[in-house]
Amino acid sequence: SIVGPTATILAEQTHSTEADLAPMLGMGGICTLLTGLPSGWIFDFMPRQGNRLVAATLLVEAAAYTLMTLCTSVLELTVVYAVIGLVFNVVSTGLNVMVIWEFTTHAPQHLPLVLNLLSASFGLGGIIAPQLVTGGEGPAGEHVVDAGLRREGWVAAEERWGVLLPALLVLFANVSIELGYAGWVYVYARDVGGVSDYAAESLCSVYWMAFTGGRLMAAVLVTIIPCGTVLLWSMPLAVVGAAWPLLAPGPTATIASVLLVGLGASAGFPTTLGMTAECIPLDGHLNGLISTVTGLSITLLPSAIPFMAKRDPQRGFAWLMIATLAMALMQYVCLVQLRKMSRLSWRQ
């Protein structure tokens, strides 16, 4: 996803507005959506080539991001960003698959901790990116499945969807918040939140600090209390963070929103993934399905926000908080159902 003031710089580079970048984000998300399942299948069929696949994909991504700096139109940006979307899932799915395989086989009790630490690294780039922008090998798949099927508490194949469906909905809502909010909070803070350009840039880094700090705290907490409890405590923060600026807009509400949404969205993806992996075996196919749902969330919210801002100029980028509130409520409701189904799966 684009990070904070990157949207403004890309708009200036292409002589357009931030809202005109919606097609670029939409196409990138669609490409990510289309490659979710194929990425999982690749790692199921080539489990011993995982490291090489990830390394090659990172080189393609680096080249594409470099090309983005040379684009002079939204169409050119859209084409290059589509390439990034096509290969992104090989990295995200591949790393999750390899970590889950390794720890499911050798240390399943540490899986939620490692997933949170791995995902926390995602926020490190987000912390420094706004300032930089402005100058300021895996085990064979059949072995993993065999080891996994021996674990107590895993449900039968026909019962997995009872756990998987609410988990996918939680992940969809959570990633929508994470990337939609991160992508447009700079523009919101500048245009609606009542803060200066410099403060808006800083708030982008503050968001990722809160987000990364939340994931590190979650990594510690999942070793002490159940994953579901960590999510139950953290997710309401995103609801409060999105509602506050809608009820009392202003600089104070904007700053509080950045902190609360960052903390409230932080634990969602890795902790939900760890919670799901405790109940059902997550092979490459299911990880690919998760990446497909993630691609859908990358497509819808980040592109819907500028679209609605352009169609409804009276509210403008206040739609960021409206959309974030809707997703925050959705992830909490689905979490309640996921906790219920996960308890039932362990009883079986």
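**Around Arg339**

Guide: Let's start with Arg339, which touches Gly228, Thr229, Leu232 and Met275, leaving aside residues up to four places away in sequence. Keep in mind that this is a predicted model.

Visitor: Okay, which helix is Arg339 in?
Guide: Arg339 sits in helix H14, which covers residues 319–347.

Visitor: And is Arg339 buried or exposed?
Guide: Arg339 counts as buried, because its relative accessibility is 17% and the cut-off for buried is under 20%.

Visitor: How far is Arg339 from Pro166?
Guide: Their C-alpha atoms are separated by 9.1 Å, though Arg339 and Pro166 are 173 residues apart along the chain.

Visitor: New topic: what does UniProt annotate as "transmembrane region"?
Guide: The unreviewed UniProt entry puts that label on several stretches, including residues 21–41, 163–187 and 253–274.

Visitor: What does the chain look like over 163–187?
Guide: Residues 163–187 are 100% helix and 0% strand, and the end C-alpha atoms lie 37 Å apart.

Visitor: And 253–274?
Guide: That span is 95% helix and 0% strand, with 33 Å between its end C-alpha atoms.

Visitor: Which residues form a nonpolar patch on the surface?
Guide: Met217, Val220, Leu221 and Ile224 do, and together they have about 380 Å² of accessible area.

Visitor: Where is Leu221?
Guide: Leu221 is in helix H9, residues 197–221.

Notes. Residues numbered from 1 in each chain as written. Predicted model: local features only at pLDDT ≥ 70, side-chain atom pairs only at ≥ 80, totals over all residues. Heavy atoms only, no water. UniProt positions renumbered as here; feature names shortened; annotations may be inferred. Helix = DSSP H or I, 4+ residues; strand = E, 2+ residues; numbered from the N terminus. Patch = residues over 30% accessible without salt bridge, like charges linked within 9 Å, V, L, I, M, F, W, Y side chains within 5 Å. Areas by Shrake-Rupley, 256 points an atom, 1.4 Å probe, with all protein chains shown as cover. Salt bridge = Lys/Arg side-chain N within 4 Å of Asp/Glu carboxyl O. Buried < 20%, exposed > 50% of the residue type's maximum accessible area, 1.4 Å probe, protein only. Contact = heavy atoms within 4.5 Å.
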